[in-house]
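Colleague: I am new to this structure, so please take me slowly through a single part of it, and then through whatever leads on from there.

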Amino acid sequence: MKRSKPISMLCIALTLILLGSILAGVFNSGAGATKVSRIRFDGGHGELSGLLYMPKDASAEHPKPTIIVTHGYLNSAEMQDANAIELSRRGFVVLALDQYDHGHSALSAENYSDTSFFGIWLPFWLNSMNDAVQYMYDQPYVLKDADGNGIIGVTGHSMGGFSSTMALAMDEQQAMATGVRKIRAGLTEGSDFLYTGLVGVDAAAADALGGGRYMGKVAAQYDEFFFNDPAVEGGTVRHKDFVSTPDGLAFLQQSASAQANTWYDTSDGGKRIIYEPAQTHPWNHFSATTTAYAVSFYQTAFAEYGSYLKSIAPESQLWQWKEFFECVALVGFVLLILALAAIVLDLPFFKLAKTGELAVLPSPKGTNNLVTVLILLVAILLPGLFFTPLMDDGAGSASVNILFYAGLLAAVGGVVALIMNLTQKKEKKLTVGGCLMVCSGALLALVAKLPMYQNYGFWTAPGVNSIAYWTIGCALISACVLSTVYVCLKAKDNVGFDAYGLRFQPKAILAGLCTALVTVVCAYVVLFLMDALFKADFRIWTFAFKTFDANILPAILRYLPTFLLFYIISTAGITINTNTEGLRGAKGYLLAIALNAGGAILWLARQYITLFSTGVAAHPGSALSGIVLVAMVPTLSIAAIISRYLYKKTGNVWTAAFLNGFLMTTMTIANTMVAFK
C-alpha cells in the first residue's frame, strides 16, 4: 500500500469521527436545549460521577423537577442516553449516574466487606442511587415543594433498578425520622426484588415503604434474568408475565389479577404501573418503546409540575440520532486505528516490525479443498459449542471435561508425532509442530480442570472473569486444532511457520509491540478529546470504546496476558486460512470475521430464535453470558479486520496481536465493573 493511502484513510477516519462526535453532541443536548457536563462528587461511600443534563432555563432561581437515571451491572452512565436525552429535553434536570466501581466512579476501600464475589459485588449498588439522591437534593437547581420534599425521580436499569429500589426504601425510612421525602417517584427497568430481597427489601417490604409515591416497573416479557414465575423451573431465559406473579401482584396491590400498562391506586395514596414490552433485558435501554414508557411515567408522576416542563409527546424522540452518529464515529475509530498503524509502520525503528511480504498460498483443490472447508467449519463452530460450558459451567464440569480429554488426546498425538519424527529423522518443523501439540493439549487439559480467575482480590473485574476463562479456553482449543492440522496436513505440503505469520525475530516483535502501543495511545487521545469537547464516545448499543480513569490501568495489565494469548493464536489462524489466492479482498476479511466471531453469532442466533419462537431459549440458564456475548461479536469482528489488515502489512502476527490485545483489553475493562480502583 502506498503511503498516500494510509494518509487518505486517516483523513476519512478523522472526518467520520469529528462529524459523528459533533452531531452526537448536538442530539445529546436535545438539539441545544440542554447543557451536558461530566461531574464528580463525594457520595459518602466513595467518589461518584455522572453526566449532568441541565436544561438551559434551569438555575437556582428557576429550579426544576429532577430525575436520576443509572445503568446496570458492568455498564456505565452512557447506557442511559435515551432516558437522559428525552427527559432533559422535556425540561427535567437529569443526572446519568455512574454507580460505584463503574465508569468514572469508585467505591472507597473501607466499604468492601471482603474479597469474595459478594463482598465486592453487593456494596456498589446498595448505596449508589441513595448517595446520588442526597447530593442532588442539596443542589439549588433541584425543585422542592413547600414542605421541603424533593421533586426527584429515580430510574435504573437492572442493578440500577435494584439501587433505585433501595433508594426508595431508604428514603421512606429516612422520612420517618425527618418528615421529608426526597424522592417523589421511581421507575425501575429490568429488575425485580430478587437481589434487594437479600438485604431485606423484598416485594412486601418495598410495598410497605411505598410512602404514597408513584412507582413503576418495566418488566420485559423476554428478560433473561428477572420477573420469573416461582412455579416454573429450568432456567430464566424464557417468556415472562410479571403482572401475574405473586411479586407483580404485590407490587400493584392486587389480589387476583392485573393488567400490564395500567395504573393502579395503592392503599397509601400512591399509584403504580407495570409495563411489559416484548423485549429482552438489554433491549430496554435501546428501545423507543421503553423510552416512551419512561417519559410517560414521569409526565404522569410530575403532572402537577407541568408548568416547569415542556409538553412533548413521549413518542417524539431524538436519542436514536445520537446513537447513529456515535456509530459513525465508531466506524471512523476503527479506520483511524488501521491508518495510524500503517503510518507508524513506515517510521524509523517501527518499520522493523515488517518482516517481508507473506507468500500467498495456492487455493486448495479437490479433496484438499473439502478437507479445508471441514476444518474451517470446525474452527468456526468450536468456540460456540463450548461457549456455555466454559462461561456457565466452569472448570471440572462434565461439559468442560470433554476438553480435558480432547487436550490429552492432542498431547498424546503430539508425543506420537515427535517419536515418529525423531525415529525417521524428518524435518525440524515437524518436531516443533509436535511440541506445539503436546504443549497446547496439556495446557487445555489443565485449564479444563483448573479453576481460574477466582481470586477477586487480584482479578478485580468480576464480569470479565468468565469471559477470560472462555477466551483462554478458545485460544488453547485453536492452538490444538492449528498444531494438529499442521502436523497431519500442512507440513506434508511443505508449509512453514512463516505461513502462519510466526516469525520469531526479536527486533520485529519489539517494534510490533511499540507500534501497537503508540497506535492505541494515539487513538485513545482522539477518543478522550471527543469526550471532552462533545461528550461523545464511540459505540453501538452495548459495545463501546469509552474514556476511563487511570485507576483501572492495573486491572488492564492483569488481564492483558490472557487476551494477548488469544489474539496471537487467532491472528495465526486467520493468517494461514485467509492468505490464499482465492481469498483476496473482501472474501478474506469475511472469512477472518467468521473464524473469530462466527461461533458467537451462531450461538446467539440459536439462543434467541428459539426464545422468541418457543418461549424458552436454547440455553435457558445462560442469562448474563448470552448478553455479554452480544458485545463480543463486534469485538471479535473488529479484531479480525485488524488482524488481517496488519499481517498483510507486516508479514507476521505480532503487531496485529499486540494491537488487538492492548485495544480490546482496555475497551473491555473500561466498560465493566472494576473493584479496588
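Modeller: The second largest pocket holds about 950 Å³ of space, a volume being the space filled by probe spheres set on grid points that are joined across faces, edges and corners. Among the 44 residues of its lining, T372, L376, K490, I576 and N577 are the closest to the centre. A pocket here is an open set of points on a 1 Å grid over the protein atoms alone, where a 1.4 Å probe fits, with protein on both sides within 12 Å along at least five of seven lines, and a lining residue has an atom within 4 Å of a point.

This is a predicted model, in which local features need pLDDT of at least 70 and side-chain atom pairs count only at pLDDT 80 or more, while totals for chains, interfaces and linings use all residues. Residues are numbered from 1 along each chain as its sequence is written, and side-chain values use heavy atoms, leaving out hydrogens and water.

The largest share, twelve residues, is supplied by α9. By type, the lining divides into 29 nonpolar, twelve polar and three charged residues, where Ala, Val, Leu, Ile, Met, Phe, Trp, Tyr, Cys and Pro count as nonpolar, Asp, Glu, Lys and Arg as charged, and the others, Gly among them, as polar.

From the lining, α13 (462-490) leads on to α12, whose buried residues pack against α13 and also against α11 (398-424), contact meaning heavy atoms within 4.5 Å. Helix α12 covers residues 428-449, and its 22 residues reach 32 Å from first C-alpha to last, close to the 32 Å expected (1.5 Å times one less than the number of residues). Its buried residues (under 20% relative accessible area, with a 1.4 Å probe and protein chains only) include K429, G433, M437, L444 and A448. Seen down the axis of α12, these buried residues fall within an arc of 165 degrees, so they line one face of the helix; the arc is that of the directions from the axis to the C-beta atoms.

Helix α11, with 27 residues, reaches 39 Å between its first and last C-alpha, close to the 39 Å expected. Among its buried residues are S399, F404, G407, A411, L418 and N421, and the buried residues of α11 pack against α10 (387-393), α12 and α13.

Definitions and conventions
Helices (H or I, at least four residues) and strands (E, at least two) are DSSP runs, numbered from the N terminus. Buried means under 20% relative accessible area, exposed over 50%, partly exposed in between (1.4 Å probe, protein chains only).
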